[in-house]
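Good morning, colleagues. Please have the sequence and the model before you.

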Amino acid sequence: MTDAIIARNVTYRAGREFAIRDLSMNVPSGSVYGFLGPNGSGKTTTLRLILGMLPIEDGTIDLLGHDVPKGVHKALAKIGYVPERLHLYPQLTVEETLRYHAAFYADWDHARAESLRREFALRAEQPVDRLSKGESGKLMMLVALAHNPQLLVLDEPTDGLDPVVRRDVLAALLEYVSSRSATVLISSHLIHEQERICDHVGVMDGGRLIAEMPMTAFRGGIKRLRVSRPPVEGGSLPFTLLNRGVTAGREEEWVVRGWQPAMREYFSAAESELREVIDLDLEESFVELLRSARKPAGTAGEAS
Amino acid sequence: MSEPRRVVRGLTLPLAIALASVMAAPRVSTAQSTAQYRARLIAALRDRHALRDSLDALHAHRIAEVPPDSMSSGRLHVRYSKATLGPSLDATLRGAVRQAAGDVDAEFGDAQIGDSGAVLVVSRVNWGMFTALGFDAVLVELSGGRGRMSPVRSPITERKLADALVDMIGTLATDGVPANVSRWAGYHTPARPLTHDDWEAAALDLATSNSSVARTCYSGSVAGCESALGLTTVRDSLSEWYTPEGWRALVASWNVQPGDPALAAAHAECVDKKVMATCERLARSRPVPVPLDMATRSTLFNLAIARGGRSAYAKLRSAHGTPLEVLSAVAGIAPDALVDDWRTHTLASVPHGVRPGAAEATVLLAWTALFGFAATRRRS
Amino acid sequence: MFAQVLYTQWKWARTELVLYVLAAFLIPTIIIRTGFSYVITYDIHSALGVSTLAGVCLAALAMLCAFGLAWRPYILDAGLKHVGPLSLPVSWGAFVRMRFLAGATLLLIPAAAVWFGGVLAAASVTIPPTLHAYPGGLAIRFYLASLVAYAAAFALQYVAGKHAVRVAVIVLVVVAVAEIAAQMIGFSSIVAGAWNMLTNWPGPFAVFAARWMLIDV
């Protein structure tokens, strides 16, 4: 099965500085791809580049089999997009908003739209500028889901929403994903939320994609090792060393990726002692990845 | 930016425009009585005669000093100073003289413009409303101290220079207009073919005249046209040209100064209270205007010249009789036919511009499409 | 699609449109009726003067309608960085064309009010002989003038984006200075020449300098 989104060496410049540099990513079809990163890392810009809203300076993007930007509006017919800043026209009512969007999508499902409207408890005659933040978020999700898209692109869809609304939105999303085998690309800085729903993850920082892997590898694949008499630098490592730091005397903590139990042999051979292997949760894994990405090139650890 | 600075910046442009408007505006004359006005006018005329004589002498003296560089084409001879004009303007003048010679022949035919043709003087001057802000211009003058001159402002092109040369020749061609024709035309006998705008103005004058004879002319009466053009003998111009409502309209068009309360009261009695006897008395107190104005009458003059062909100006010098008889002789057609021709030409020039024509609508839609296309090309 | 774009733009502009319609209807009605009550029979120059005044007001209203309908759609979309239009499955060019045509369609409403007001105004006064009423012609001129001004303002918005107002102000100041220089000291400049080309036939704004006369010869 081809990937829903294939980006290769995408570069974008906003002003003098590069906002996105040499980005390559694959979003597998049928997956729920979580796009993680701190604020200002370039997540929203990357989504806009993928959807053809910003011009790429270099590189290629394939979106549902269509080249961006040439064929992007054909791809958009199969995409539901919920942006970070909701693009609702304040003078229209809920019903008028749905009618407006329905006119642009050949596959718009009026019955489904009506069903979702009731499920989200949105009144048809209510003006958009009188909707609460949560209701506006639900309306945008409704608009994105009502034409049965192949790909859902969601940019911070639950940001600022109360827990009840957040639950409703995520429930609708999960129901849709499970029933339609759709692909979802969801960007958020709420890591615990992503952990629950995503099966792939990409981590952005400073305009670069610093890591891309299945969620299982991300969740269980980054470990903290407590090492006594650590080996000196040099030699090839069987795992990826993200960070290392001295804790006390001759004891160090190593943060590694791709750890397997059989890799204990490495420390034995180096006459070091592996005291403990600690599982990191998603948030700790994310922080270690960022720390590793922000270090100057060539260093794997820091001296205390 | 602070609030006062923002206000000052916002007011700068409107103030500049207002200042420029004030500087360009004509001066408003002060109020005065009719007697005072008459006395001032007579004194000014006396001064003007003296001034004119001085100017003519000065002009002749100045022209006599112009270096004798010259060029000729056809019946056109031009004197100028090559050193003053410079090589670029010299070339432009040469082209202009060639064009003007052809225009003179086409427009004036056999008209008498001097024993050996017309002699004109071209010089380079500093011209402008304010000397400090003046700029180069070229002055075209008739030689012989007649005081007629035409400035050509930059950019100085061959066409503009040629037009100025032909304009000067035109004043010579119309030198021989009989005095009664000149008087009838209000001393406004144009030497060049009139433009569509001139005919349109004549059409508007005819259509908007408050005279009853102008209305009958508009409706088709040639006799009415002759009367409205002032070509017939009238015993009582006010009654023959205007109805009583027309008298009221005439008086209403006066600009009554507040310095004459008696006149102001009578004016109000006529216009506001519609006392027709007062309207008639006031209307008779001033010369009754010919229903159609000088510019309109000049179109008849111009039409006669156009119909008369190459020998029109020559016929104009030798024709005799009433103005209509003279113009008929120049045109070579009967008087009624000439006036009827004029009426047809004038009514054809009535502007029908309220509703855009097909060409105008097409051009506007094309511009609309162009702007729309430009909007879709760029994503900003 | 176009119907929905038209509907949304109508909904945004309906309050303004009501004001434009009222003005378009009342200008000829009030000015002609009031002015003609002071016009003396056969004082046709005064009658034409009243008609000219109404025409000048309608020309100004045409420009106001044009700019009013041109700026709002862009401002609303630009505030959201055009995310709405760009996320729809139509090309940018096609969407902008729909926006453009929607505004052009809405301009028909005040033009119709000009016609209606003109008919009523002409019927309510005694028109001097040799003059005629042209409510239909005036309404067509109003529509075409507002359309071309709308198109120019629309293009300026979409080409210059957030700099549109700045560009417009700079252009107007430069043109004003060039025109003042041309009139006062005869200084010909390329700017004054370009302005003359735009405001004289066959320039786009020559329509505003033509005869805007409800009652004319």
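Predicted model: local features only at pLDDT ≥ 70, side-chain atom pairs only at ≥ 80, totals over all residues.

The contact between chain B and chain C draws 42 residues from chain B and 48 residues from chain C. On the side of chain B that touches chain C, the elements contributing two or more residues are α1 (3-24), α6, α7 (212-219), α10 (244-252) and α17 (358-377) of chain B. Which of these gives the most to that side? It is α17(B), with 10 residues. Sorted by class, this side of chain B holds 25 nonpolar, 10 polar and 7 charged residues.

Helix α6 (residues 196-208) of chain B meets helix α13 (residues 294-308) of chain B, with axes that come within 9 Å and cross at roughly 120°. An angle between 115 and 145 degrees is neither roughly perpendicular nor roughly antiparallel, and α6(B) and α13(B) are therefore oblique to each other. The crossing of these two helices, α6(B) and α13(B), is left-handed. From α6(B), the contact is made by Asp198(B), Trp199(B), Ala201(B), Ala202(B), Asp205(B) and Leu206(B), and from α13(B) by Ala295(B), Thr296(B) and Thr299(B). By class, the residues of this contact of α6(B) with α13(B) comprise 5 nonpolar, 2 polar and 2 charged.

I turn now to chain A. Its division is into domain 1 (5-206) and domain 2 (220-294). The centres of domain 1 and domain 2 of chain A, taken over C-alpha atoms, are separated by 37 Å. How many residues does each domain of chain A bring to the contact? Domain 1 brings 7 residues and domain 2 brings 7 residues. On the side of domain 1 of chain A that touches domain 2, α7 (191-197) and β9 (200-205) of chain A are the elements giving two or more residues. Of these, α7(A) gives the most, with 3 residues. That side of domain 1 of chain A consists of 4 nonpolar, 1 polar and 2 charged residues.

Finally, the sheet. In chain A, 4 strands form an open sheet in the order β2-β1-β4-β5, with antiparallel pairing. At its edges lie β2 (17-27) and β5 (66-67) of chain A, each pairing on one side only. Further in, strand β1 (residues 5-14) of chain A pairs with strand β4 (residues 58-63) of chain A in the antiparallel sense, over 5 bridges. For Ala7(A), the bridge partner in β4(A) is Ile61(A).

Key:
Residues numbered from 1 in each chain as written. Chains lettered and ligands numbered in written order. Axes fitted to C-alpha atoms, helices over the stretch in contact; angles between N-to-C directions. Parallel < 35°, antiparallel > 145°, perpendicular 65-115°, else oblique. Left-handed = near helix turned anticlockwise from the far one by under 90°. Contact = placed C-beta atoms within 7 Å. Nonpolar A, V, L, I, M, F, W, Y, C, P; charged D, E, K, R; others polar. Pairing = 2+ DSSP bridges. Domains from an automatic or database assignment.
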